[in-house]
Amino acid sequence: MSVMPLLGCPTPKRLKVYLHGAQITNSGVAVRVNFVKGLSGSVVYNMQEDAAKFIASTMMMGMPVNEFDELARSAISELSNMLTANATTNLTKLGYIADISTPNLMIDKGTAMTLGDSQCLGVTMDEGGHLVDIMIAVKREKK
C-alpha cells in the first residue's frame, strides 16, 4: 500500500482476502519471488497483461506501453522485488529472519504453478482499475 504511490501509481485498494488451493493459473503476467533464509515459500503477483502494461507505464511516468516488451518486463519485475523486499523488511521488524530471491517473471497465460503445500493466501488488489492477485505461501523453516 505504501510502495505503489512512491512510484507514481495510485494507492491500491484491497478488494478481497481469501484462501486458495496450492495450484495457481497464470493470468498473463506472473512474477514469483521466493522467501529464503528463515522463512520459506513464495509470493506471486498475478495479473492480466493489460494490468502489467498499465502499471509499467505509470512507473515510467506515463510512457506508453503498447507491447509488454523488455522494458515493461523489467519494470514489473523490479516492482515485485520492491514490494516483496518491503514486506520482508516489515517481517524482520517483527522478529522473523527472511530474505528473498531474484524475481522470476512468467508470461505464459494459462500455465499452472504450485505454491505451497496445500493452500495459499490470496489478496485481490485494485490498482487504478486493474486487478492484481497476490498469492502468498510462507512458513518458517525448521531449525
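User: Which residues have the most contacts inside the largest nonpolar core?

Analyst: In this predicted model, they are M47, I55, A56, I76 and I134, within a core of 30 residues.

User: Which elements supply at least two residues of this core?

Analyst: The contributing helices are α1 (3-6), α2 (49-59) and α3 (70-93), and the contributing strands are β2 (29-36), β3 (39-47), β6 (112-127) and β7 (130-140).

User: What is I76 in contact with?

Analyst: Setting aside neighbours within four places in sequence, I76 is in contact with V29, V31, M47, A52, I55, A56, F68 and L105.

User: Turning to α2, how many of its residues are buried?

Analyst: Helix α2 is mostly covered, with 8 of its 11 residues buried. The buried residues are A51, A52, K53, I55, A56, S57, T58 and M59.

User: What covers them?

Analyst: The cover includes α1, β2, β3, α3, β6 and β7.

User: And S57, buried or exposed?

Analyst: S57 is buried because its relative accessible area, 15%, falls under the 20% cut-off. Leaving aside neighbours within four places in sequence, S57 is in contact with G62, M63, P64 and V65.

User: What is the phi of M61 like?

Analyst: M61, which follows α2, has a positive phi, near 60 degrees.

User: New topic: how many disulfides does the structure hold?

Analyst: The structure holds 0 disulfides.

User: Are C9 and C120 buried or exposed?

Analyst: C9 is buried, at a relative accessible area of 6%. C120 is also buried, with 2% relative accessibility.

User: Now the charges. How many salt bridges are there?

Analyst: The count comes to 4 salt bridges. In one of them, the side chains of K37 and D99 meet at 3.9 Å, N to O. This pair links distant parts of the chain, 62 residues apart: K37 is in the loop between β2 and β3, whereas D99 is in strand β4 (residues 99-100). D99 is partly exposed, at 33% relative accessibility.

User: What about K53 and E49?

Analyst: Their side chains meet in a salt bridge at 3.7 Å, N to O. K53 and E49 are 4 residues apart in helix α2, so about one helical turn separates them. K53 is buried, at 15% relative accessibility, while E49 is partly exposed, at 37%.

User: Which residues are linked in a network of salt bridges?

Analyst: The network of salt bridges links E49, D50 and K53.

User: Where do K139 and D117 lie?

Analyst: K139 and D117 form a salt bridge of 3.0 Å, N to O. K139 is in strand β7 and D117 in strand β6, so this pair ties together parts that are 22 residues apart in sequence.

User: How accessible are K139 and D117?

Analyst: K139 is partly exposed, with 45% relative accessibility. D117 is exposed, with a relative accessible area of 68%.

Note on methods: Residues numbered from 1 in each chain as written. Predicted model: local features only at pLDDT ≥ 70, side-chain atom pairs only at ≥ 80, totals over all residues. Heavy atoms only, no water. Core = buried A, V, L, I, M, F, W, Y, C linked by side-chain atoms within 4.5 Å. Buried < 20%, exposed > 50% of the residue type's maximum accessible area, 1.4 Å probe, protein only. Contact = heavy atoms within 4.5 Å. Disulfide = S-S within 2.5 Å.
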